[in-house]
Amino acid sequence: MGEPTRRAMAVEAAREVFWARGYEDASIADIIEASGLNRYAIYAEFEGKRELFLACLADFVAERRARIAPILFDAARPPLARLRRAFHMMIDEMLSDRRGCLMSQTAIEVARDDPVIRDQPVYTQQNARYWITSEDEWYKAAYHNALAGTAGVYFD
């Protein structure tokens with residue numbers, strides 16, 4: 001792979017800044033310092049902090065999908081084993097990082113007051129019912145694929 005793009009550098013640095021400081025306490029100046037990019041480069045890619053944060057959320061969802069897809073679509077495993085393995089993987093990830101879950105922290109801080117951020121799939125996915133009722137076809141397909149053949153099976 002080649003050099004990371006300015007956009008990727010900004011998103012990666014912003015994620016770390018948001019994680020360390022929280023959304024409200026993070027500033028574009030903090031992100032500029034962390035990324036090594038200048039103000040012009042950041043604003044050439046994003047209108048402001050909110051758009052950069054939304055890009056961080058989109059990036060998070062893409063990364064999570066890439067890690068979960070092989071588990072949920074693994075036809076060699078029974079459906080409940082796929083779901084359990086996916087949930088255990090997510091829990092292990094959250095517990096292994098002493099900073100906690102970036103998305104849960106920002107949901108508490110920002111999502112309740114900002115409907116655009118609150119309606120991002122990364123927040124609504126945290127409710128398993130979202131996977132059943134979602135307009136997001138990828139998660140809907142993954143969930144139903146993993147549940148195929150589990151009629152009458154109860155989760156404990």
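A crossing of two helices is called left-handed if the near helix is turned anticlockwise from the far one by less than a right angle, and right-handed if clockwise. The legends below describe a predicted model, in which local features need pLDDT of at least 70 and side-chain atom pairs count only at pLDDT 80 or more, while totals for chains, interfaces and linings use all residues. Residues are numbered from 1 along each chain as its sequence is written, and side-chain values use heavy atoms, with hydrogens and water left out.

**View 1. The chain as a whole.** The chain has 10 helices and zero strands, where helices (H or I, at least four residues) and strands (E, at least two) are DSSP runs numbered from the N terminus. Of the 156 residues in the chain, 40% are buried, a class that means under 20% relative accessible area, with exposed meaning over 50% and partly exposed lying in between (1.4 Å probe, protein chains only).

**View 2. Helix α4 against helix α5.** The axes of α4 and α5 (residues 79-96) come within 9 Å and cross at roughly 150°, the axes being lines fitted to C-alpha atoms, for helices over the stretch in contact, with angles that run from 0 to 180 degrees between N-to-C directions. The two helices are therefore roughly antiparallel to each other, on a scale that counts angles under 35 degrees as roughly parallel, over 145 as roughly antiparallel, 65 to 115 as roughly perpendicular and the rest as oblique. In this pair, α4 passes α5 in a right-handed crossing.

**View 3. The length and bend of α4.** The 24 residues of α4 should span 34 Å at 1.5 Å a residue, and the end C-alpha atoms of α4 are 34 Å apart, which agrees; the expected span of a helix is 1.5 Å times one less than its number of residues. At Ala66, α4 bends by about 30°, and a proline, Pro70, follows within four residues. The bend at a residue is the angle between axes fitted to the seven residues ending there and the seven starting there.

View 4. With 16 residues, α1 reaches 22 Å from its first C-alpha to its last, close to the 22 Å expected at 1.5 Å a residue. Buried residues in α1 include Ala10, Val11, Phe18 and Trp19, and α1 is followed by Gly22, whose phi is positive, near 90°. The axes of α1 and α2 (residues 28-35) come within 8 Å and cross at roughly 120°, which makes α1 oblique to α2. As it passes α2, α1 makes a right-handed crossing.

View 5. Glu63 forms a salt bridge with Arg15, and the closest N and O atoms of the pair are 3.1 Å apart; a salt bridge is a side-chain nitrogen of Lys or Arg within 4 Å of a carboxyl oxygen of Asp or Glu. Glu63 lies in α4 (residues 49-72) and Arg15 in α1 (residues 6-21), so the pair ties together parts that are 48 residues apart in sequence. Arg15 is buried, at a relative accessible area of 12%, whereas Glu63 is partly exposed at 32%. Arg15, Asp59 and Glu63 are linked in a network of salt bridges.

**View 6. Further salt bridges.** A search of the whole structure finds five salt bridges, including one between Arg21 and Asp30, with the closest N and O atoms 3.1 Å apart. Arg21 is partly exposed, with a relative accessible area of 42%, while Asp30 counts as buried at 18%. Another joins Asp74 to Arg77, with the closest N and O atoms 3.4 Å apart; Asp74 is partly exposed at 23% relative accessible area, and Arg77 is partly exposed at 33%.
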